[in-house]
Structures are given as C-alpha cells and as structure tokens.
Amino acid sequence: MAPTFPIAYWQIALTLVAALLSYVITKGFHSRHLFYKLRRQGLPMPSWNIVTGNLLAFLPLLKHFPSNVHQNYLITELSKKFIKWDSCFYLDLWPFSIPFLVISSPSLAIQATQELDLPKPFDLDRFFRPFAGGTDTLFTLNGTEWKRAHAIFQPGFSASFILSQTHNIVRETADLVEIFKDHATKGDIFLLDDLLGYFMMDIIGAVILGSRLHSKKQFNQLGHAMRSQVRWQIADGELNLFKRWNPARPLVQWYNSRQMDIYVSKELEKRFAERQKSSDSPPRSVMDLVLDNYMKENPSAKTSNRIDPSFKKWASVHIRTFLFSGHDSTASTIEYCYHLLSKHPEAMARIQAELDEVFGADSSTVGPQLLDQPQKINMLPYTTAVIKETMRLFPAASAVRKGLPGSILQDSNGNRFPTEGVTILMMHSAIHINPDYWKEPKSFIPERWLVGAWRPFEFGARNCIGQTLVMQDVKTVLAMTVREFDVCGAYDEWDELHPRKGLKTAWGERAYHVFRAAAHPADGFPCRVTKRK
C-alpha cells in the first residue's frame with residue numbers, strides 16, 4: 001500500500017500566502033522598475049521613491065480636503081504642478097492602483113482616443129464585474145468582439161429608438177413629480193441621491209427590459225441589488241485598508257449579483273417567449289432588439305423552448321452593464337443640475353423662459369405634449385447648454401485607455417510621453433477646468449459653447465453609446481420639474497443634525513464629489529423641495 005501524506009490546513013494557507021506575496025512582489029517590482037526608467041528619462045511625475053512610489057505626494061494635499069473626497073480632486077491638484085508638460089504626468093500608486101499616465105488636456109486626450117484609438121484596458125473589468133456579473137462588457141471589449149457587440153446594441157441607443165421611449169421616460173418622471181409634491185407638502189429634508197438613483201433605475205429598466213420596476217416607490221429585487229452594488233463599490237485607488245479589505249464586501253456583492261442574474265434571466269425567458277410569438281412586431285426595448293438578433297442568427301431558436309445558456313450569459317452581462325451605466329451617472333447629473341440652477345437664479349429664469357416658449361406656461365402639460373410630440377424635447381438649446389455646463393463642472397466619471405509599445409503622445413511643446421506599461425487616465429475633472437482651454441473655468445456659464453474640450457461622453461469610436469438617452473432623460477426631468485419646484489441643498493441643516501470634525505468643502509463646494517461607483521454629491525445631497533409660487 002502506498003504511503004499517504006496528509007496535508008495540514010496550515011500548509012495550504014502558507015502556500016496561498018507565499019503565492020500572494022510572490023504576486024505582490026513581482027507586480028511591485030515591475031511597477032517601480034517602470035517608473036524608475038521613466039524618471040531617468042526626465043519625464044514628469046510627483047516626488048517619487050522606490051519604496052512608496054508617488055504615494056507620499058498625496059500627503060500635503062489631504063489636509064486641504066474632506067476625508068471622503070473623491071480622489072479626482074487630489075489628482076487634479078497634482079496636475080497643476082506640470083503646466084509646462086500640458087498638465088500631463090505619470091503616477092505610481094502601487095500597491096493601491098495600477099500605473100497611470102494622467103492627462104489633463106483635450107489635445108492629448110484626442111490623441112489617445114481618436115488619433116491612436118488606443119484600446120480599453122483589461123483593468124476595467126475589475127470595476128464593472130460587480131455590476132455586470134462577468135467580463136467582456138461593451139465598455140471593456142476591444143477589436144472585432146467590441147465591433148460585433150456594438151453593432152448589435154447600437155440600434156437600441158439610436159436617436160429614433162430613444163425618441164420612441166419617450167412614453168417610458170415621461171411616465172417615470174410623472175411619478176417623480178408626485179414624489180416631489182409629497183416632499184414639498186411635508187417640508188422634510190431627504191437624500192436626493194437615493195431617490196434619483198432608484199428613479200433612474202426605473203427609467204433604464206423600462207428602456208432596457210421593457211418592464212416597469214417601480215423601485216422608487218417599493219422594493220424591487222433588481223433595483224435594490226444594483227443600488228446595493230453601487231454603495232458597496234470602492235475606488236480602485238482606495239487608501240483606507242478597512243474599506244479596501246472589508247471581508248463582507250465579496251459576500252454582499254456575490255449575493256447582489258446572484259439576485260440580478262435571477263431577475264434578468266426571468267426577464268429574458270419571458271421576453272424570448274413573447275418575441276417568438278410576435279417577432280414581426282416592432283421591438284419595444286433593448287432586450288427585444290437583442291433577442292430578435294439572436295433569433296435571426298439562430299433560426300432554430302424561433303421554435304426552441306429555451307435560450308442557449310451561453311447566449312443568455314452573454315446577454316445578461318451586457319444588459320446588467322447598461323442597467324448600471326444608464327442610471328448611476330445620469331442620477332448624479334440631474335442632482336447637480338438642480339444644485340447649480342438653485343445657486344444661479346439668472347440661469348433658472350432663462351431655462352424657465354425657454355420652457356414657457358416651447359411648452360406654454362402650464363408645466364403640467366409638458367408630459368402630455370411630449371407624448372404627442374416627442375421631438376419637442378430637441379427644441380431646448382438653453383436647457384441642453386445647462387446640462388452640458390453641469391457635466392463640465394461635475395463630470396460623473398473619467399476615461400481610460402491602455403498604453404501600447406510605440407504609442408507616444410506629444411504635446412504642443414514637443415514633449416513626448418511613452419504609454420507602454422501604463423494606463424492612460426483622462427481626468428475629465430481636470431480637463432474641464434484647465435485654464436489653458438477655458439475662460440473662467442470654475443464659473444457656471446451655460447452660454448458658453450461646449451466644444452472641443454468638453455469630454456464627459458468622450459469622442460471617437462468608443463464614445464458613450466448611451467449619450468442620447470442621457471440627454472433626453474435629463475432634459476425631460478428638467479422640463480417637467482424646474483418650473484413647478486425649487487430643489488435646493490440643505491447642507492447647513494444637515495451638518496447641524498449630523499456634526500462631524502474636519503473640512504466639509506472641496507474647492508469651496510459643499511456638494512463636492514465622493515466616490516460611489518460614479519462621482520456623486522457628498523452625503524447623498526440632502527435637500528428640500530418647495531412648490532414654486
């Protein structure tokens with residue numbers, strides 16, 4: 001009989017620890033060695049050493065910001081030290097983040113996204129996985145796989161299809177109006193971020209799935225799970241070790257992901273059965289378009305009693321991705337529109353005058369008019385300018401690309417920036433207030449024409465597929481609410497009720513950005529809603 005050699009648990013644990021240490025040391029060596037070479041070439045970066053990289057460069061900045069401020073503020077501040085390099089610099093935050101080449105000018109961003117058309121980095125999968133339930137989303141795919149997926153989903157985000165979804169957007173916004181009326185009657189303080197998060201889940205659920213979630217008024221499995229994922233997500237460069245390695249996070253994210261998979265799977269099965277019976281009828285959701293394409297490519301599916309499991313998983317990942325990306329950043333944009341309009345009465349007066357001219361003085365008729373003439377939503381140039389200016393000052397996200405061997409960016413001064421081994425981070429919060437490209441960069445001026453340096457949706461082939469939907473969502477919400485309600489931040493009262501030590505503003509703004517998947521207002525934007533007289 002052959003001898004047996006039982007393996008103790010401590011031996012397994014020791015092996016895993018050794019493997020982890022080997023990975024950390026190897027990755028750390030490659031990161032530090034890369035930056036050592038970049039530094040030897042005289043390329044721009046904050047103070048650096050081989051032990052801590054650029055981490056210590058953040059320390060002098062931390063005392064000027066609230067403890068929970070979005071890291072984009074700190075990176076934007078660092079960019080100001082590299083003016084002669086067109087505010088471009090390398091950033092080594094290992095082990096908390098990947099190596100970056102930070103871009104704060106539109107000209108370099110154009111080179112990365114349009115002229116060189118660099119691919120999306122694999123690291124994006126780590127961010128999207130809790131929301132999508134898998135890898136290879138439309139935001140992370142490259143090459144022929146991306147082109148195929150984009151061709152399938154593009155019709156669902158075309159201007160004509162989005163206009164056909166007006167009834168869904170108006171219906172959900174009418175519910176929001178009723179909720180605002182209730183808060184105005186109560187006179188209470190509530191968190192606008194939570195309400196608009198669920199509100200936008202209802203809109204995107206209707207557009208993507210073709211069914212109502214009602215999550216802003218009652219519990220919905222999909223809406224609750226997705227919003228929970230948003231709350232539990234952490235930034236890639238999170239420095240707080242207790243947040244970063246909270247043992248509850250993977251368990252909660254697994255459970256939420258499971259709940260979303262179950263819900264989306266049921267919706268796919270239901271819509272699949274319906275499309276089999278009525279495939280000749282016009283699609284009423286993005287899911288319908290995807291299922292129609294599936295049956296077109298697989299004729300036998302028209303008579304099958306089940307969906308191919310591999311297709312179902314593929315479709316679920318993309319659908320969940322759109323449910324996340326289509327609700328979270330849009331909710332933040334609406335919040336900041338209300339916030340900036342409340343602080344700039346001249347802009348509020350002008351947007352109200354435009355709405356009076358297009359829809360008449362009675363704001364209650366906006367919804368019915370849009371249902372009858374959806375194209376009226378495109379007759380609001382000043383409203384559109386307000387939204388764009390809001391996104392300039394408070395962009396919900398930045399963009400990234402993967403650097404490649406031989407791909408070199410060059411600024412107007414002739415400085416060359418090799419991209420091999422780094423992820424290119426296009427810092428929208430810095431690009432949009434770069435004084436070399438903007439007059440009065442931190443002022444709210446909707447009248448300015450936002451071209452060239454305005455990049456909240458990015459440019460090039462990989463621009464945001466859902467930007468038409470975002471703009472229609474926000475314009476509809478503003479058109480149906482800003483003449484009937486004043487939505488104003490209530491931070492002074494909130495701070496009295498919830499006192500805390502330390503700074504409470506960033507760049508003089510109390511509603512500063514914090515990380516919550518996308519960038520959102522601090523403390524959930526506590527506010528009051530009052531009826532306009």
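**Cysteines, core, helices and sheet**

Guide: Start with Cys-337, which counts as buried because its relative accessibility is 0%. One caution: this is a predicted model.

Visitor: How far is the sulfur of Cys-337 from the closest cysteine sulfur?
Guide: That distance is 14 Å, and the closest sulfur is in Cys-527. The gap is too far for a bond.

Visitor: On to the core. Which residues touch the most other members of the largest nonpolar core?
Guide: Phe-180 and Leu-192, in a core of 147 residues. Helix H9 supplies the largest share of this core, 11 residues.

Visitor: What is Leu-192 in contact with, leaving aside its neighbours within four places in sequence?
Guide: Phe-180 is one of its contacts. Leu-192 also touches Glu-335, Tyr-338, Val-487, Gly-524, Phe-525 and Cys-527.
Guide: As a general point, nonpolar side chains tend to be buried together in soluble globular proteins.

Visitor: What about charged residues? Where is Arg-227?
Guide: Arg-227 sits in helix H10. Its relative accessibility is 0%, so Arg-227 counts as buried.

Visitor: Which residues is Arg-227 in contact with, beyond its neighbours within four places in sequence?
Guide: Asp-193, Gly-197, Tyr-198 and Met-201 are among them. His-327, Asp-328 and Arg-516 complete the list.

Visitor: Now Asp-125. Which helix is that in?
Guide: Helix H5, residues 124-132. Asp-125 is buried, because its relative accessibility is 5%.

Visitor: Let's switch to helix H18. What span should its 13 residues have?
Guide: At 1.5 Å a residue, H18 (residues 381-393) should span 18 Å. Its end C-alpha atoms are 19 Å apart, which agrees.

Visitor: How many residues of H18 are buried?
Guide: 11 of the 13, so H18 is largely enclosed by the rest of the structure. The buried set includes Tyr-382, Val-386, Ile-387 and Met-391. Glu-389 and Arg-392 are also among the buried residues.

Visitor: What covers the buried residues of H18?
Guide: The cover includes helix H15 (328-343), helix H16 (345-359) and helix H20 (467-481).

Visitor: Sheet next. What is the strand order in the open sheet of four strands?
Guide: S1-S2-S7-S4, with mixed pairing. S1 and S4 (399-402) stand at the edges, each with a single partner strand, so one side of each has no neighbour in the sheet. Neighbouring strands are turned by 30° against each other on average, direction ignored.

Visitor: In which sense do S1 and S2 pair?
Guide: Antiparallel, over three bridges. Tyr-90 stands opposite Leu-101 in S2.

Visitor: Which strands does helix H3 lie across?
Guide: H3 (residues 71-79) lies across S1, S2 and S7 (423-426). H3 runs at about 140° to S1.

Visitor: What is the phi of His-214?
Guide: His-214 has a positive phi of about 60°, although it is not a glycine. His-214 lies in the loop between helix H9 (192-209) and helix H10 (221-232). With 30% relative accessibility, His-214 counts as partly exposed.

Visitor: And Glu-440, what is its phi?
Guide: Positive, at about 50°, and Glu-440 is not a glycine either. Glu-440 belongs to the loop between helix H19 (428-431) and H20. Its relative accessible area is 44%, so Glu-440 is partly exposed.

Terms used: Residues are numbered from 1 along each chain as its sequence is written. This is a predicted model: local features need pLDDT of at least 70, side-chain atom pairs count only at pLDDT 80 or more; totals for chains, interfaces and linings use all residues. Side-chain values use heavy atoms; hydrogens and water are left out. Helices (H or I, at least four residues) and strands (E, at least two) are DSSP runs, numbered from the N terminus. The expected span of a helix is 1.5 Å times one less than its number of residues. Buried means under 20% relative accessible area, exposed over 50%, partly exposed in between (1.4 Å probe, protein chains only). Contact means heavy atoms within 4.5 Å. Two strands pair if DSSP finds at least two bridges between them. Axes are lines fitted to C-alpha atoms, for helices over the stretch in contact, and angles run from 0 to 180 degrees between N-to-C directions. A disulfide is a pair of cysteine sulfur atoms within 2.5 Å. A nonpolar core is a set of buried Ala, Val, Leu, Ile, Met, Phe, Trp, Tyr and Cys residues joined through side-chain atoms within 4.5 Å.
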